[in-house]
Structure formats: structure tokens, C-alpha cells
Amino acid sequence: MINSAPNIRQKTYSAIALTMLFVFALSGCAAKNGTDGLAVNPQLSPESQLTYDYLVYQDFLSRFGQIMRNGVKTKEESEKATSLQQKALVVLDRILKVEPSAQLYAEKASLFWAAQQIDDAREALKEGLQKFPEDSDLTMSLSSTYLVDNRTADAEGVLQDYIRRHPKDLVVKTQLARIMLEQKKFAQTLDILKVIPAGQRTSEILYYYAKASAGLGLTKQAIRALQKTVKIKTDYIEAWGELAYLYELEKDYDSAEKIYTKMLEFPEVSSHIRLRLIELCLKLNNPDRGLSLVLEGPRSTSFLLEAAQTFLNGKFYGQASTVLDIFVKEKDVPDAYYFFKASIAYEGEDDPGKALEFLSKIKKGSDHYDRSIQFKAHLLIELNKNDEALAVLREGQKEFPDDPNFFLMEAALQMDHKQPKKAEETLLRGYKNIPDSTQILFQLGMVEEKKGNTDQTLKYMEKIISMQPDHADALNFVGYILADKNIQLDRAMVLISRANKLKPDNGFILDSMAWVLYRQGKLDEAWKNIGRALSLEPKQPELWEHYGDIAVAKKNKIEARKAYTRALKLNPENKELRKKLDSL
């Protein structure tokens, strides 16, 4: 939107000074009489009235803008802003009747836009376009009002209509390309930009062209476009960053490193770029260079913690510890320091006792307190201090009753110690506290499945799907149970197919797919899927049993015997498997 105030119309006649004095005098009288310049003054000529209206409008606009820039903090300020806006609109409409212009219609829209009255702003722009249909600024502003309301099709349509009439307008084309790009319409973006002659492509056009190319997987084409972009505009930080990222994708780490290093010389480069360069150094197995970049960088808490996390993620524990020790010199050591130090002690030094000491220093109420309790419980379980771990988890349930992890960890501990009834009781307590936790519902379903109560399992899993339709594991569970019961096979296939799209190359989901196909009598497809499932999960006896069952259906006793034998080796106590093998 355009927010600039209009210039007072230029006069050429010699009596301008006298006219202006007369106008200002009348303005003072109007204010004293309480009209605030809104009424038409019959004593003024049309020319003088118009000049006067411009002055009054500019005054209202200036005062309104000042309030909005400072921020509306009180009810009085809100009422004053509304009053000034309405007065400005009254005078502006009077000006527009006499001397309409695209600029003034844009300003009318801006008055509404500033007050977040998007519908009114849109109508003002439409009104302006009726009089000035070829104005590009009004067109782009109208498009923006649709974008604010997420009406992207309308936003695009406004610009496309204009471009059809003005195919050479690069500014509007660039705006349309940007909108298309934000919607991830990469092919359409390229269609708009590729017809622009090479000599007319600005740095912005080339950048959008590169982004669209990258979105379509045309990485080399994107790199070439970005190289041209930064040649035209050498300080285009976004383009440099995108170019470095694409070099990383192409595993050209040397080129990426050179760009990130160059970007550090830019005056307003963010810490993010330094962190990206640190990550790249770790990929190149040069942690010392990464550490130098940290020590040369800012001393902000957020940057140092992110840098430490980067080293931790790369398992460079010594460098992570060095970064964290910078905090020791500070008066107030952040709790994140102790949490990360505990991670280093556990993962890097294999010293859970030392990790517990660090965790004990994290204060209650800290942002890391909930995670520290979970970490502490995990360490105690590893040290076989199960009673202490249970006490810590109960503390977590009391402090964070809406966090399902504390209930899930306790239930897992009880299941490991062959206490399924206690585990179920724990999960039910968690479910009572957090009825919308799909994690707890899923574990309850697993408990029922182990008890052989598949009907109850089905109820839990169906509830999860109703709450979270893209829960791949629940979709797979329901689909498999239906297939195992040999009911609703079409629905089972729909559910498992959706799970497969959400989690491709998952052996258990492919097994379920094979089992549905087997039930449907589509043996060749079932055979193909069970083979793929076993290539991903070769140590699962249930999958080998299914392989054997499908082989039997295909009258392939040799493969069936191999499968049942393999399944029995993995699960020798399964009597049903022994019967199947003996029957061949």
C-alpha cells in the first residue's frame, strides 16, 4: 500500500500568497467553530476550497499516521485515531469528486489498511480501478488485499488480467511470480518468468527464477540463475544464501564454504549464516575451524547455545563443551548450560552419574525443567535405580500433568518389568489427564493388542484416526486388524495406502499391504509387497510367517518351508508355526 501524503497542487497565478493566507485564516475559524475543516465553506471559490481541502486532509493524515506509527495503546488513542481516519476520509472523498487520481485512491485504501479494514481498502481500490483501470500500483495493492485474506486465486487473477493487457510490465509480472512461488507453484512461476528476455531480467526476477527451478529439482539451472543474480547485485544476501545451500545439496561443500565465508563480510549478516558455516565445517570434518567461527562470533546467549547444539548434533563433544564453558565466566549461567553439559557427560563421556549432577542444578520453573526430569528418569533407569526413576516420573506427572511423556515413560518401565496391569493403569491415569493424547491412546491400543483384545485395540486406533487422520501407525493398525479379521477389505486397503504414503518404505506397513492383498486374492501383488517388507525388516517372525502363508496360497511349498523355518528360528515358541511347517 502507498502511504505518502499528496503534494499541494501547484499554482501559477500571482495571487497564490493572498489565497493561502485566506485559506489558513478560514481554517482557524473553522477549528474554533468546531467544524474541524469538514464542512464546505461557501465563501471560498471552488479552486480555493480544493486547496483548502488538500491542506486539511494532509493535516488529518499526518496526525492519524503519527498515532498509528507510535502504536495504539489506550482506548483514548484508539478513539482519536478512528476520528482522524473518518475525518480524513470525508475530506478525501470531497477531493476525489473534484480531482480524482490513482494516487489518492491508493491513499484512501491505505487509510483503511492501516486500521486493518481490509474489505473497505479493497472497495476503495476497486473504485479507483474503475477510473484508472491501467494503474499498476492500484492493481498490485488490490491483489495484496486478497492475499491477506488467503484468497490467492483472486490475488493471482487480478494480476493475470492486468498482464494480459500489459504483457511487458515486468514489475507486475515479478509480483505475480512471487505469489506463485509462495504457493509452491514452481512450474507456473517458471512459465511467467522464462518468457522475459535475458537482457530484461532483474536480480529479483533471476532470484525467483532460481527458487522456482530449485523447487522443481532443476538444481543446476537454479545455480546458474543465482550466479547471474549475485553478479548483478553483489550484496543480495538471500541469493548468496540460496546459492550456498544449493551447493550443499550438490555436495559441493568447498563452494558452499567459500560463499558462507564471503557472507560473513556483509555488514548485517545474521548469526544464522555463521551457524550454517559452522555446520558445513562439521560436514567437512573440520571442527576446529567451526570452533574458531564461534569464538569470533557474537556472545549472545542464543547464538552460543545454538552453536553448542550444532556441535552436539555432530557428536563433537569437546568443542561443544568449550563453547558452553564461555558461560562459566558470566554472572548468570543459563539452565541450558547444565542440560547440554549433562548431554555431553552422558553421550560423550559415558558418565550418567556426572550427567545427573548437572541435571540437579536445573531450577524448578526453568524452560528446561520438564526435559531435565525426563532425562534424569532415563539415566536412573539405565543405572537400575528404578524406584528413584519412578519417584522422578511421578514428580513430573505432578508438575506437568499435561505432558504425556511422563506417563509413557512410567508405563514403559512397568512393561519392561513384566507389569502390564500397572502399565495399563498408568496409561489410563494419563488418558484421564490428557484425553486428546494420541500417544497414550496408541500405547493403550498396544496393551490391548498384547492381551489379545483386538476389538478394544480397534476402538483406540479408530479414535486416534478421528482425532488425527494422518496418524500413519494408527491407520496401519486399523487396516491390518480389518485384514486379519477378513472384513472391510476395501477400507483396509484405503487406510494402509494412506499410511504407506505418509511413511514410505516402512516394512510393517508393506506387510499390512501384502496381507490385505492376500485376503483379496491378489497373490502376485501380495508376494511382491511381502518380499519388499522382508527386505526392510528381515528379523521379524510375523513377516516371515506371512511370507510363508502367501507362498502356500501360491502353491510354492519350497518357499513356504523356508519362510516357516526362518520364522521358527526367530520365534521358536510359536506352536502354530510348527503346525504350519509340519503340514507341508
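This is a predicted model: local features need pLDDT of at least 70, side-chain atom pairs count only at pLDDT 80 or more; totals for chains, interfaces and linings use all residues.
Glu410 counts as buried, because its relative accessibility is 0%, and the cut-off for a buried residue is under 20% relative accessible area. Glu410 is placed in helix H22, which runs over residues 404-416.

The side chain of Glu410 is in polar contact with the side chain of Gln397, at 2.6 Å.

## Overall form of the protein

The protein contains 32 helices and 0 strands. Its radius of gyration is 35 Å, whereas a compact globule of 584 residues would have a value near 25 Å. Taken along the principal axes, the C-alpha atoms fill a box of roughly 115 × 65 × 55 Å.

Of the 584 residues in the protein, 45% are buried. When contacts between residues at least 6 apart in sequence are considered, 48% of them join residues that are at least 24 apart.

## Helix H11 and its buried side

Helix H11 covers residues 219-232, and its 14 residues should span 20 Å at 1.5 Å a residue, which agrees with the 20 Å between its end C-alpha atoms. The buried residues of this helix are Thr219, Ala222, Ile223, Ala225, Leu226, Thr229 and Val230. They lie on the same side of H11, because they cover an arc of only 165 degrees around the axis.

On the other side of H11, the exposed residues are Lys220, Lys228, Lys231 and Ile232. The cover over the buried residues of H11 includes helix H10, residues 203-215, together with H12.

## Salt bridges within a single helix

Side chains of opposite charge can pair when their charged atoms come close. Across the whole structure, a search finds 37 salt bridges, and one of them joins the side chains of Lys126 and Glu123, with an N to O distance of 3.9 Å. Lys126 and Glu123 are separated by about one helical turn, because they are 3 residues apart in helix H5, residues 118-131. Lys126 is partly exposed, with a relative accessible area of 33%, and Glu123 is likewise partly exposed, with a value of 46%.

A salt bridge also links Glu559 and Lys562, whose closest N and O atoms are 3.7 Å apart. Both residues lie in helix H31, residues 557-570, where they are 3 residues apart, or about one turn of the helix. Glu559 is partly exposed, because its relative accessible area is 21% and the buried class requires a value under 20%; Lys562, with a relative accessible area of 52%, is exposed.

The side chains of Arg276 and Glu248 meet in a salt bridge with an N to O distance of 2.6 Å.

Leu61 is placed in helix H2, residues 46-70, and it counts as buried because its relative accessibility is 13%. Leu61 and Lys87 are 26 residues apart in sequence, and their C-alpha atoms are 9.1 Å apart in space.

Asp335 is placed in helix H18, which covers residues 335-348, and it is buried, with a relative accessible area of 13%. Not counting residues up to four places away in sequence, Asp335 touches Lys361, Ile362, Lys363, Ser366 and His368.

Technical notes:
Residues are numbered from 1 along each chain as its sequence is written. Side-chain values use heavy atoms; hydrogens and water are left out. Helices (H or I, at least four residues) and strands (E, at least two) are DSSP runs, numbered from the N terminus. Buried means under 20% relative accessible area, exposed over 50%, partly exposed in between (1.4 Å probe, protein chains only). A polar contact is a pair of N or O atoms within 3.5 Å; within protein, one must be able to donate a hydrogen and the other to accept it, and residues adjacent in sequence count only if both atoms are side-chain atoms. A salt bridge is a side-chain nitrogen of Lys or Arg within 4 Å of a carboxyl oxygen of Asp or Glu. The expected span of a helix is 1.5 Å times one less than its number of residues. The arc is that of the directions from the helix axis to the C-beta atoms. Contact means heavy atoms within 4.5 Å. The radius of gyration is taken over C-alpha atoms; the globule rule is 2.2 Å times the number of residues to the power 0.38.
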